[in-house]
Amino acid sequence: MKSMLIKDATILTMHGGSEDVLRGDVLIRDDIIAAVGPGITAEGSDEVVDGRNLIVMPGLVNAHMHTWQTALRSIGSNWTFPEYLRWVHAGLATHFRPRDIYISTLVGALNQLDCGTTTLVDWCHNNPTPAHTDAAVEALRASGIRAAFLHGTPKPDPRPGKSPFWEVAHPREEIVRLRQALMPDAGMISLGLAVLGPHYATLEVTLHDFRLAQEFGLIASVHEGYGPSRCPEGWARLESEGLLNGLVNIVHGNELSDDRLGRLVDRGVRFTVTPESELICGHGHPILGRLRNLGTWPSIGADIESAHSGDMLTAARTALTCQRSLDNIEARARGQFGGKSGLRARDALNWVTMEGARMLGQEDRIGSIAPGKQADLLILRADGLNLQPIHDPISTVVMQSNASNIDSVMVAGVWRKRHGRLLHDGLDSALEELGECGRRIRQAVGLHLTDIT
Ligand SMILES: [Zn+2]
């Protein structure tokens, strides 16, 4: 058994209660956090890390990202959501070969580690063949990140003689195959379904897909929102069929009515907001405040690097900033000036740690620093030019820090970034291949610079 002690650090446990911030030590044995608190003896530890200048916190959980889009970075930064659907899903996506999925997913996942994410929910919906799926899973394995692989299906334009994507049920045989294939990865890569849901599919397909996920006890995650729904009665039918529970994850949800939102929350459905893509692409404001008013919080995802950064510290800050603004506008409309929104930096850090863990049903394993949990850590150097002086470390992390402050990242007790450097061989060649892949796919659809600027 290997053991490591981080000594005399500032620890943001995010475990709730008054002990969220403490000065002390973290003892790690193999992949598990063995003890947290002041005065842990270093005796017998294989490695002792001097934490006096470090902030130690749980690794971030990115609850929604299409990692396969890494080769398309910022290609759609100036597009609306309909343009994104047309160019990316009906065009660029159709030219991805399995190797393109691999290199995109690998670099995307490595960047997540570099930016402090230790658990990545990879909503992979460019899987026209099992070879594409296997390439994505292999890349997640190779990166060393903890992941939830949510298997999805592509959205090409309808072709003569073929059913359009919204009439195609999720392939059961692929889920059966993947459950088997991912068994050796238990704990590091879990499986879920990225299904079309009522917004993008017929009622028949929606009911089939939700039943399929429930049959195997897997998460069914859906995009919800932007424009007319293909199946407006879908959520009511899913409710009456008893298919709504904590295994259902709704991403966005901006256009759900208050009544529908309340009913979904009552049934334990988990929500994920993606602040940057929702604000950039025209979905509307994130529903953080509406969920807060119903007594719950969402997790947060980075969504599409084809439009914006995948950095979760930025996503957390954007989410907090946006909701504070909405709260302030509402208060001023009531004639109240100088009131407090009540949203705290601590809330934002909770969304990208514990709420991500809850969305995955893994709150007993990840998302906070507590004995018995997985050793997934994000460690920042506290002496940054952009961080000093530190009065409240949680506010510093949420409102001041960025990836350049991240000294080290650990997943399941293994260093993946150390002293500011990502520990992965072959980064240069991976980036070169990613660039070639992105250029080739862009050329394949005839996408000119004038289309993207
Ligand atoms: Zn998405």
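This report describes the domains, their contact and the nonpolar core of a predicted model.

## Domain organisation

The protein is divided into two parts: domain 1 consists of residues 3-58 together with 367-422, and domain 2 covers residues 60-359. Between the C-alpha centres of domain 1 and domain 2 there is a distance of 28 Å.

## Contact between the domains

Where the domains meet, domain 1 has 22 residues in contact with 27 residues of domain 2. On the side of domain 1 that touches domain 2, two or more residues come from each of helix H14 (393-400), strand E15 (406-411) and strand E16 (414-418). Helix H14 gives the most to this side, namely five residues.

By residue class, the side of domain 1 that touches domain 2 comprises 14 nonpolar, five polar and three charged residues.

## The largest nonpolar core

In soluble globular proteins, nonpolar side chains tend to be buried together. Here, the largest nonpolar core contains 123 residues, and those with the most contacts inside it are Val26, Val56, Phe149 and Ala316. Helix H2 (residues 98-114) supplies the largest share of this core, with eight residues. Because domain 1 (3-58 + 367-422) and domain 2 (60-359) both give residues to this core, it lies between them.

## Surroundings of Val26

Val26 is among the residues with the most contacts inside the core. When neighbours within four places in sequence are left aside, Val26 is in contact with Ile6, Ala9, Ile11, Ile33, Val36, Val56 and Ile369. One of these partners, Val56, is likewise listed among the residues with the most contacts inside the core.

Note on methods:
Residues are numbered from 1 along each chain as its sequence is written. This is a predicted model: local features need pLDDT of at least 70, side-chain atom pairs count only at pLDDT 80 or more; totals for chains, interfaces and linings use all residues. Domain bounds come from an automatic or database domain assignment. Two residues are in contact if their C-beta atoms, placed from the backbone, lie within 7 Å. Helices (H or I, at least four residues) and strands (E, at least two) are DSSP runs, numbered from the N terminus. Ala, Val, Leu, Ile, Met, Phe, Trp, Tyr, Cys and Pro count as nonpolar, Asp, Glu, Lys and Arg as charged, and the others, Gly among them, as polar. A nonpolar core is a set of buried Ala, Val, Leu, Ile, Met, Phe, Trp, Tyr and Cys residues joined through C-beta atoms within 7 Å. A residue is buried if 20 or more other C-beta atoms lie within 10 Å of its own, exposed if 12 or fewer, and partly exposed in between; C-beta atoms are placed from the backbone.
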